[in-house]
Amino acid sequence: MDSLNSVLGDVSNGLYTYVLVALLVGAGIYFTVRTRAVQVRLFPRMIAVIARSRGESHGGISSFQAFAIGLSSRVGTGNIAGVAIALALGGPGAIFWMWMVALVGMATAFIEATLAQMYKVRWRDGTFRGGPAFYIQQGLGSRGWGAVFAVLLIFVFGFAFEMVQANTIAATLDSGHGVPAWVSALLLVLLTAPVVFGGIRAVARVAELLAPLMAAVYVLVALAVIVLNIGALPEAFGMIVRGAFGLDEALAGTGGGLLAAVLNGARRGLFSNEAGMGSDPNAAATATVRHPAQQGLIQSLGVFVDTIVVCSATAFIVLLAGPSIYTPGETTEDQGAALTQSAAAASLGDWGTLPMTILIFVFAFSSILGNFSYAEVNVDFLARRRWAPIALRTLVTLAVLVGALAELALVWTVADIAMGLMAIVNLVAILHLGKWALGALRDFEQSRSGRARVFLGRGNPLLPGDLPGDVWVSREEVPTADRAS
């Protein structure tokens with residue numbers, strides 16, 4: 001089993017390091033150019049749109065709730081453990097490249113979320129469904145490839161990642177506070193089952209409170225660390241910049257040098273914010289909005305919050321802890337979340353360990369809920385039977401139970417490969433369909449007032465043709481999901 005895991009690990013590393021990084025960064029640069037840097041030009045409008053995104057749900061899922069579901073999945077233990085690993089492997093310079101990848105990834109996130117909205121369908125529960133599986137079927141005319149994407153996503157987000165997040169919680173509670181794994185497993189089942197059996201609506205209600213709160217508390221912890229170490233802040237920035245361009249070999253990580261900084265920073269950024277991976281559009285499609293580009297902007301902002309805000313918080317917690325906690329080239333990757341916990345305790349005192357444990361728990365639990373939502377959308381794509389989502393909810397609950405109790409090295413490696421394949425399918429789709437999202441962007445930008453006009457998917461000269469379906473058929477009223485597809 002160890003040898004199989006080793007072989008699959010090599011496949012995964014090769015796929016992410018040499019294929020996906022190039023594809024995802026390339027797509028980000030391409031869409032940045034094609035949208036004329038939408039993430040920069042319309043950043044103020046992103047803020048304005050999300051400020052009023054709680055309204056206009058019309059009995060469905062609001063724009064903010066869809067954003068929160070996506071943020072719940074994005075902001076997980078990877079923001080704590082993954083960034084620490086990137087610092088160990090790539091040195092402080094990895095953070096710079098993590099930022100750069102996130103900035104171009106915002107354009108990709110805009111495109112895929114806008115497409116998810118354009119090709120969404122009404123569902124029997126009074127909400128919408130959509131995402132890559134749906135725009136592959138309707139936009140590219142291939143239900144087969146849509147099904148391939150859906151199966152990969154269900155395995156990754158409905159099963160494997162749920163187990164991994166549960167395992168992270170159990171390991172953190174055990175190592176930090178001596179909580180037995182069976183207690184963690186029971187607690188997680190009691191917390192998870194009532195929410196997932198309530199469906200996407202229940203997840204949306206929990207996520208809109210939990211996701212912004214956990215991100216805000218974590219950033220406040222980081223700000224406290226920065227204030228207590230304010231004199232060291234300029235040097236921390238200097239380490240990031242010098243390490244990013246190989247100007248100081250002493251700042252190389254255990255992987256060594258400039259290449260290690262670029263690859264580890266890019267990989268961490270891509271894995272954390274998921275731009276282009278095809279996961280977040282499943283949440284984006286559920287929102288009731290006036291215009292697809294409206295949700296595109298909001299989900300693009302999610303990449304900014306995840307990487308530029310939350311991942312940066314972890315980076316500065318570690319970098320400001322001092323050489324006794326983190327030394328480039330010497331600190332090893334196997335510390336993961338423990339490195340971030342130790343760094344916080346070094347600045348805040350031992351009392352900081354408990355808040356960090358709670359934050360890791362909340363980050364992982366919110367990811368369990370967000371991941372479930374993605375999986376349910378794709379189960380609905382594959383099987384329009386009422387028993388199908390019930391089966392998924394049971395599977396997710398069991399995955400959480402087993403994940404808290406079992407060793408998961410092989411599951412984690414296989415899930416990595418499946419997610420990489422899922423991303424490739426999605427990237428091919430959005431590169432083919434991107435012209436539709438660009439047309440929607442042009443339509444959106446013609447709304448000069450603060451409130452976007454309702455999008456029209458048929459007879460719109462800014463689009464390559466007419467959109468299929470019966471959602472975007474009139475500018476007279478916001479399309480709602482109160483009529484089943």
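**Entry 1**

The model I am reading is a predicted one. Phe161 is also listed as buried, with a relative accessible area of 8%. I then checked the two rings: Phe157 and Phe161 form an edge-to-face aromatic pair, 5.2 Å centre to centre, with 70° between the planes. Both residues belong to helix H8 (residues 143–177), and they are 4 residues apart, so about one helical turn separates them.

**Entry 2: a pair across the chain**

I noted a count of 15 aromatic pairs. In one of them, the ring centres of Phe134 and Phe381 are 5.1 Å apart and the planes stand at 70°; over 60 counts as edge-to-face, so this pair does too. Phe134 is in helix H7 (residues 132–140) and Phe381 is in helix H16 (residues 353–382), 247 residues apart, so the pair links distant parts of the chain. I found both Phe134 and Phe381 buried. Arg143 lies over the face of Phe381, 4.4 Å from the ring centre.

**Entry 3: another charge over a ring**

I found the charged end of Lys120 over the ring of Phe128, 3.8 Å from its centre.

**Entry 4: two helices**

I looked at helix H6 (residues 93–118) and helix H11 (residues 233–244), which pack at about 80° with axes 6 Å apart. That angle makes H6 roughly perpendicular to H11. The contact residues include Phe96 and Trp97 of H6 and Phe237 and Met239 of H11. By type, the contact residues are 8 nonpolar, 2 polar and no charged. I also noted that Phe96 and Trp97 form one aromatic cluster with Phe245.

Conventions: Residues are numbered from 1 along each chain as its sequence is written. This is a predicted model: local features need pLDDT of at least 70, side-chain atom pairs count only at pLDDT 80 or more; totals for chains, interfaces and linings use all residues. Side-chain values use heavy atoms; hydrogens and water are left out. Axes are lines fitted to C-alpha atoms, for helices over the stretch in contact, and angles run from 0 to 180 degrees between N-to-C directions. Angles under 35 degrees count as roughly parallel, over 145 as roughly antiparallel, 65 to 115 as roughly perpendicular and the rest as oblique. Contact means heavy atoms within 4.5 Å. Ala, Val, Leu, Ile, Met, Phe, Trp, Tyr, Cys and Pro count as nonpolar, Asp, Glu, Lys and Arg as charged, and the others, Gly among them, as polar. Rings of Phe, Tyr and Trp (its six-membered ring) pair if their centres lie within 6.5 Å; planes under 30 degrees apart count as stacked, over 60 as edge-to-face and the rest as tilted. Buried means under 20% relative accessible area, exposed over 50%, partly exposed in between (1.4 Å probe, protein chains only). A charge sits over a ring if NZ of Lys or CZ of Arg is within 6 Å of the ring centre and within 35 degrees of the ring normal.
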